[in-house]
Amino acid sequence: MLKKKDIRHIYDSYSQLRKMKRVNELRPDSKPKALNLNIIDSCNSKCTMCNIWKNEESVDITPEELGLILSDPLYSELQHVGVTGGEPTLREDLPDIYRTIIDTLPSLKGVSMITNAIEERDSKKSNYGYL
Ligand code: SF4
């Protein structure tokens, strides 16, 4: 069963999309060129200026859901996607997230990621040996 904060998160995401669509309808030449994408709401750090690490669980967009959203014509001119969180490397399906972004966006020129890089290369907990 969805918790109140999960419903709030979904509502916020939907509101943002609607707001961007409205702006695009008013100014058809105003399609977004860059997107900062929060793919997780949990973290393995405890920075004092941030509360994300206090979240006990995170309801995250799946690669399939992301693909559906990014297929909207609104994103047809998107050139750069920055992946952030929380801590993106905590997601085991991070490669699928990037694959979806790359495969779905026709105008994409680059991707990036904001990470705290706490996961170690040889750590058993690390999801990606190449990070
Ligand atoms: S690394 Fe980033 S997301 Fe994690 S606690 Fe620090 S500021 Fe927050």
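Which residues are around the ligand? Select Cys43, Ser45, Cys47, Cys50, Ile52, Trp53, Gly85, Gly86, Glu87 and Asn116, where a residue is near a molecule if its C-beta atom, placed from the backbone, lies within 6 Å of it. Before going further, note that this is a predicted model, in which local features need pLDDT of at least 70 and side-chain atom pairs count only at pLDDT 80 or more, while totals for chains, interfaces and linings use all residues. Residues are numbered from 1 along each chain as its sequence is written.

Colour the shell by class, and it shows five nonpolar, four polar and one charged residues, with Ala, Val, Leu, Ile, Met, Phe, Trp, Tyr, Cys and Pro counted as nonpolar, Asp, Glu, Lys and Arg as charged, and the others, Gly among them, as polar.

Next, centre on isoleucine 52, a member of that shell, which is found in the loop between strand S1 (34-38) and helix H2 (63-70); helices (H or I, at least four residues) and strands (E, at least two) are DSSP runs, numbered from the N terminus. Isoleucine 52 is partly exposed because 17 other C-beta atoms lie within 10 Å, the scale being buried at 20 or more, exposed at 12 or fewer, and partly exposed in between, with C-beta atoms placed from the backbone. Setting aside neighbours within four places in sequence, isoleucine 52 is in contact with Asp41, Ser42, Cys43, Gly85 and Gly86, contact meaning C-beta atoms, placed from the backbone, within 7 Å.

From there, move to the peptide bond from glycine 85 to glycine 86, which is cis, with omega near 20°; glycine 86 is found in the loop between S2 and H3. Then select alanine 117, in the segment after strand S3 (110-113), whose phi is near 55°, a positive value in a residue other than glycine. Most residues other than glycine have a negative phi, and most peptide bonds are trans.

Now show the strands: an open sheet of three has the order S1-S2-S3, with parallel pairing, two strands being paired if DSSP finds at least two bridges between them. S1 and S3 stand at the edges with a single partner strand each, so one side of each is left without a neighbour in the sheet. Five bridges join S1 to S2, and leucine 37 stands opposite valine 83 in S2.

Notes
Contact = placed C-beta atoms within 7 Å.
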